[in-house]
Protein chains: 2
Amino acid sequence: MLTVKEYVQSNKDRFLEELFILLRFPSISADSKYKEDIVKTANFVADKLKEAGADEVEVCPTAGNPIVYGEKIVDPSLPTVLVYGHYDVQPADPLELWDTPPFEPTIRDGKIYARGAADDKGQFYMHIKAFEYMMKNNALACNIKFMIEGEEEVGSANLGTFVKENKARLKNDVIVISDTSMISLEQPSLETGLRGLSYVEVEVTGPNRDLHSGVYGGAVANPATILAKLIASLHDENNHIAIPGFYDDVVELSQEEREALNKAPFDIDEYKADLGVEELWGEKGYTPIEHTGIRPTLEVNGIWGGYIGEGAKTVLPAKAYAKISMRLVPNQNSERITHLFKKHFEEIAPAYVKVVVTPHHGGEPVVTPTDSMAYQAAERALEEAFHKKPIPTRGGGSIPIVALFEKELNVKTVLLGFGLDSDNLHSPNEKYGIENYLKGIETIPLFFKYYAELNK
Amino acid sequence: MLTVKEYVQSNKDRFLEELFILLRFPSISADSKYKEDIVKTANFVADKLKEAGADEVEVCPTAGNPIVYGEKIVDPSLPTVLVYGHYDVQPADPLELWDTPPFEPTIRDGKIYARGAADDKGQFYMHIKAFEYMMKNNALACNIKFMIEGEEEVGSANLGTFVKENKARLKNDVIVISDTSMISLEQPSLETGLRGLSYVEVEVTGPNRDLHSGVYGGAVANPATILAKLIASLHDENNHIAIPGFYDDVVELSQEEREALNKAPFDIDEYKADLGVEELWGEKGYTPIEHTGIRPTLEVNGIWGGYIGEGAKTVLPAKAYAKISMRLVPNQNSERITHLFKKHFEEIAPAYVKVVVTPHHGGEPVVTPTDSMAYQAAERALEEAFHKKPIPTRGGGSIPIVALFEKELNVKTVLLGFGLDSDNLHSPNEKYGIENYLKGIETIPLFFKYYAELNK
């Protein structure tokens, strides 16, 4: 019987090779031309679950991308942990900003560079390898279920139905997700909240066709200019979001809670230097940790209209577009926020343009408990692996499905993430530290061990 | 000896066929991948000039696209007319908005649909066919020179050098350009002014890489949002351009001049219906005819940044861009305006972003005289061909090279345009009326006849 540390040491090359195969699939869920790669990725995940020892492995069809399921029921009287992850990835563009191709994983300075390295292939695959260790070394102290989906990056549109239709199969005592980050390898942390999301696309139409900007310019509203004016008005001079009712349901933290939050290590100069900015931005009256953790935001994720090719074209465009997403905090509700945005945007649009607001997807904010057995088990596992007690933080990202699990399966989630904020998630040159990957594989069996012990 | 009317009638099918060949070349100057098509187009134009009877025909190389030259000197004591036109065209995108392919000319409802149909292939080719008529029927009463260039749509960067280096060869008494529009076939008109142009590209950089909008959103300035705010601030609440000094050199027309200008037929309801807009836009205190003729403008010709593909991507982009052009009126100067824009834009950019303003190209506004022999000849020619006296108008477009001709060759220009404002220049479904094309060929020899007579 090997310890997990020994097992990881003697298998690490293979663990990396397998992850590299997984990373080579361009499983981009936002673009339908990758449908075939999505299916190949799901099949690969299913094969690896089987090889590791899972039963009932199935690539479950949905109306969208398939969900990979697998389980190992050791003893029905033991607690059951459900591992959730996603094998789909964000689009890789702008491609020209990648130093090495996004789907050719490459190691530099101890990091694996590839789209999906940290989000979430590198992180969910740790669980399959940790499971392999526990199976081979008779160390699986809980029942385990895997649910690895393929639409997380596009709003998990079909996971809700799957969960509702498979409540018995998915029944569990706690959900573990490794799709978040920790402060550093020197200072482990556990995210105890995630922001929700409301994502919309707006279309502003001026004239019924592109016009010559000389012949018509000056007399006809330019939808790109009007879109700029509309977007500009969405934040006031204090960077508050200027949508009526937007903050109505925001829970303000107490002074004590805010102070505790701001005790996390944060060096503003390092932060600015890493990002290459001279000054930070943000809602007046809050710190950067609060801006990215406990405050809602509104971001333009994409904007386009008119001629965007090489050289100059003197066109007054017929249309301009933007993709806009809002991160939500407790107790904001994504449907209500989407509704408020749409209503406001339509109201402020002047009569010389038409606007259409199309909701993309949403998700609810969550706060996870820090007094549960699962949280304590995670805390102990991290402390043993990293030799330092993890501190709780509030994550700025969103895993919209966490709120759904809570509602449909009536269980809480532990966010056992091993990434770093600097991993370039959703950006060119996404990376994941080899040490984060291997330490993650080491930590997970400890979590199972302590969770079983605490449940006794 | 045939009259021009008879000649056009008996040759009109061939005139259309030849134009169609010319229109099939995708001679897009803004995109370097069409270099070969550009050269083919220039060679075709040269061949047709030779066939029509021109001497000294040459495809003259420049640092950019070639200039086609040809001439016919009947008698050095006669006046010389220089015909200027351009064989390059605007990009055709967005392609999906064309009802028929842009480089497959198609006739519908008496109009030729193709990129360049009116701007400027259909219009300069009328001159080659009118020249052919005059040569075959011994009707050429002036000397004629042709200069057809291939970079008008990208700022005629190399024409200036060519003109300066070929002053003797290009020597002439008047320049005729058919690259503008008339009010209608029922109401001919002559443009007596053109707006100048200052075209810039702006780049706004926030963080040094695309960021996850959840992890960083709220604490880091989003360059797309900031670009929107900067663009929004460029027009005030009265749609005046808010760049300090922008209006300093604008010549305000007298009340009488403005009244004369506004006497041109203009039906605001038809105009709105044609464009599909509920309300017009524009600088407070001026009419649409003034907005598009005698007032300067600032238009966003293109804007882009972040994720603009299918679906949703939660990215906080590193960069956002816009192409912005300003139309100028007498006595604004394009270099000064470009400088004012750049200075202002850099000054208003907040410290959390960096901005770079890159000038594309410019051109000076012009006003052409209405008391010259050439204008009077054009007036008579139009009146004879259309049975109605043309009225003078002010064009909103720009042919930057007109000011250069005036400066370098010390001659004035007549803007003998046969297009219509509704021809969709620079837009999908560009078109040119067959009647406009044939009437143009009929009118041009009359201009030569009257110009020679007035010069006697």
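Colleague: What makes α1(A) and α3(A) oblique to each other?

Modeller: In this predicted model, helix α1 (residues 4-24) of chain A and α3(A) pack at an angle of about 140 degrees, and their axes are 10 Å apart. Only an angle over 145 degrees would count as roughly antiparallel, while 65 to 115 would be roughly perpendicular; α1(A) and α3(A) are therefore called oblique to each other. Their crossing is right-handed.

Colleague: Which residues of α1(A) and α3(A) meet, and how do they divide by class?

Modeller: From α1(A), the residues Val4(A), Tyr7(A), Arg14(A), Phe15(A), Glu18(A), Leu19(A), Leu22(A) and Leu23(A) meet a set in α3(A) that includes Phe124(A), Tyr125(A), Lys129(A), Glu132(A) and Tyr133(A). The contact of α1(A) with α3(A) divides into nine nonpolar, one polar and six charged residues.

Colleague: What does α13(A) lie across, and what makes β4 and β21 of chain A edge strands?

Modeller: α13(A) lies across β4, β5 and β21 of chain A, and runs at about 60 degrees to β21(A). These strands form an open sheet with the order β4-β5-β21 and antiparallel pairing. β4 (106-108) and β21 (431-433) of chain A each have a single partner strand, so one side of each is left without a neighbour in the sheet. From one strand to the next, the twist of this sheet averages 30 degrees.

Colleague: How do you know that β5(A) and β21(A) are paired?

Modeller: Two strands pair when at least two bridges are found between them, and strand β5 (residues 111-113) of chain A and β21(A) have three, in the antiparallel sense. Ile112(A) stands opposite Tyr432(A) in β21(A).

Colleague: What makes strand β2 of chain A a mostly covered strand?

Modeller: Six of the six residues of β2 (residues 67-72) of chain A are buried. In a regular strand the side chains alternate between the two faces of the sheet. In β2(A), both faces are covered, with Ile67(A), Tyr69(A) and Glu71(A) buried on one side and Val68(A), Gly70(A) and Lys72(A) buried on the other.

Colleague: Which strands does β2(A) pair with?

Modeller: Strand β1 (residues 55-60) of chain A pairs with β2(A) in the antiparallel sense over four bridges, and the two form a hairpin with six residues between them. The bridge partner of Asp55(A) in β2(A) is Glu71(A). β2(A) also pairs with strand β6 (residues 143-149) of chain A, in the antiparallel sense over five bridges, and there Val68(A) has Ile148(A) as its bridge partner.

Colleague: Why does Pro317(A) count as buried?

Modeller: Pro317(A) is found in the loop between β14 (315-316) and β15 (319-328) of chain A. Buried means under 20% relative accessible area, and Pro317(A), at 1%, therefore counts as buried. Leaving aside neighbours within four places in sequence, Pro317(A) is in contact with residues including Pro207(A), Asp210(A), Val300(B) and Asn301(B).

Colleague: How do you know which strands stand at the edges of the sheet of eight strands?

Modeller: The order of that open sheet is β16(A)-β11(A)-β15(A)-β13(A)-β12(B)-β14(B)-β10(B)-β15(B), with antiparallel pairing. β16 (354-363) of chain A and β15 (354-363) of chain B each have a single partner strand, so one side of each lacks a neighbour in the sheet. The twist averages 20 degrees from one strand to the next. Strand β11 (residues 196-205) of chain A pairs with β16(A) over nine bridges in the antiparallel sense, and Thr205(A) stands opposite Lys354(A) in β16(A).

Methods. Residues numbered from 1 in each chain as written. Chains lettered and ligands numbered in written order. Predicted model: local features only at pLDDT ≥ 70, side-chain atom pairs only at ≥ 80, totals over all residues. Heavy atoms only, no water. Axes fitted to C-alpha atoms, helices over the stretch in contact; angles between N-to-C directions. Contact = heavy atoms within 4.5 Å. Buried < 20%, exposed > 50% of the residue type's maximum accessible area, 1.4 Å probe, protein only. Parallel < 35°, antiparallel > 145°, perpendicular 65-115°, else oblique. Left-handed = near helix turned anticlockwise from the far one by under 90°. Nonpolar A, V, L, I, M, F, W, Y, C, P; charged D, E, K, R; others polar.
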